[in-house]
Amino acid sequence: METSADLLYPRRPTRQINVGGVLIGGGAPVSVQSMTTTKTADVEGTLQQIYALAAAGADLVRCTCNEVAAAEGLAQIVPRSPVPIVADIHFHVEMALAALEAGVHGLRLNPGNLRKPSEIKLVASEAKDRGVPIRIGVNAGSLHPDLYERFGGATPEALVESARQELAYFAEVDFDDVKISVKASSVALMIAAYRLASETFDHPLHLGVTEAGPPPGGLIKGSAGIGTLLAEGIGDTIRYSLTADPVEEARAGRQLLETLGLRERRGLDLIACPSCGRAEVDVIAVANAAQAALEHRQLPIQIAVMGCVVNGPGEARDADLGIAAGRRRGHLFIKGKIVRVVREDEMVEALVEEAERLVAEGVEARLAAADPNAEAEAEADRALLLDAKGADANQANVRIEAIHRRTDAT
Ligand code: SF4
């Protein structure tokens with residue numbers, strides 16, 4: 001069967017690198033990254049955050065290595081981390097070398113920050129000796145001034161040229177274990193830069209909209225930029241940059257990949273109708289209550305909350321499970337088939353219970369366990385609602401007559 005991912009542009013072929021056991025590029029699953037916000041010297045606090053990020057969906061975590069104490073912290077964090085650790089080096093070559101000594105699985109170098117060719121080559125050479133990949137992390141906001149001047153600003157061409165120059169330094173020491181990012185806070189600029197990078201290099205690309213800001217704006221920018229490129233087949237690993245708890249970044253990254261069908265669903269996908277005049281319940285309140293009750297249960301299914309029993313089960317027939325409201329009752333349905341009718345105040349509770357049983361027992365078993373009277377009860381509710389509101393809730397016939405009266409009169 002065709003999956004969602006099959007409907008996207010084919011993934012662009014890239015070479016593959018291995019960051020501490022996580023494969024990136026070369027057809028590997030697109031991975032999710034995030035970054036800790038703790039002081040890296042705070043080993044226990046940082047590890048706690050790394051575990052939370054891994055649980056939320058991060059496949060790799062980056063930590064800052066800005067001082068000797070941070071490098072010392074990394075030496076203790078790396079062996080206890082559940083996921084590979086990448087060190088972010090700022091301006092000092094010593095910190096890159098210290099992070100390598102600490103045993104990190106990857107480095108991120110910003111060509112705009114670490115500028116001396118001799119230092120860049122020294123780090124690449126040491127990384128090569130240890131089999132540690134490097135991300136060339138170009139950033140529009142910290143582009144090398146020479147490139148800024150030459151290209152008249154942080155253009156897509158300037159960002160890609162920065163990565164190309166860094167690759168050339170690496171090549172001098174025969175190092176090519178690289179992934180590349182060309183981030184910008186402008187979504188349009190980063191999309192153009194990554195498109196160009198993907199035409200220019202065959203290295204895996206790390207996608208991100210930098211300094212996207214707090215949610216919801218930051219989430220929208222990240223999704224617009226990263227989602228557009230992934231749909232075009234571009235990108236091998238992603239990071240949302242949010243001004244928020246980094247757990248939100250990891251969760252958003254994983255959710256985006258699941259939404260596009262690029263990673264297997266491991267969390268809940270809650271869908272809900274937008275509500276309309278037909279709604280028999282406060283859909284927003286029920287959907288929020290269902291989300292709160294279900295989101296931490298790691299149920300890899302799609303659940304629908306629908307405002308009315310007239311259209312709900314049909315509109316959400318592809319959902320694994322759903323509930324539709326009508327006449328102060330909730331119709332619980334599995335794959336569009338009504339399995340139980342419950343009181344309105346029991347809707348969320350019944351949904352949670354059925355979701356857990358569905359995951360544990362499977363669709364066939366739960367359909368077999370359906371209340372034999374449910375379908376007839378549901379049909380009676382639907383019929384009564386159609387009588388009360390009419391099959392045409394907008395009273396189209398009456399309106400059409402009114403339109404004719406008005407247009408005939410002119
Ligand atoms: S399911 Fe019912 S309430 Fe929800 S949008 Fe559709 S018609 Fe309206």
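By class, the residues lining the second largest pocket of this predicted model comprise five nonpolar, eight polar and eight charged residues, where Ala, Val, Leu, Ile, Met, Phe, Trp, Tyr, Cys and Pro count as nonpolar, Asp, Glu, Lys and Arg as charged, and the others, Gly among them, as polar. This pocket (an open set of points on a 1 Å grid over the protein atoms alone, where a 1.4 Å probe fits, with protein on both sides within 12 Å along at least five of seven lines) has a volume of about 400 Å³, a volume being the space filled by probe spheres set on the points, which are joined across faces, edges and corners. Its lining consists of 21 residues, each with an atom within 4 Å of a point, and R62, R108, N139, T210 and R239 lie nearest the centre. Two or more lining residues are given by β5 (85-89) and by β7 (134-139), and β7 gives the most, with three; strands (E, at least two residues) and helices (H or I, at least four) are DSSP runs numbered from the N terminus.

By class, the lining of the largest pocket has 10 nonpolar, eight polar and eight charged residues.

Residues are numbered from 1 along each chain as its sequence is written, and side-chain values use heavy atoms, with hydrogens and water left out. Local features need pLDDT of at least 70 and side-chain atom pairs count only at pLDDT 80 or more, whereas totals for chains, interfaces and linings use all residues.
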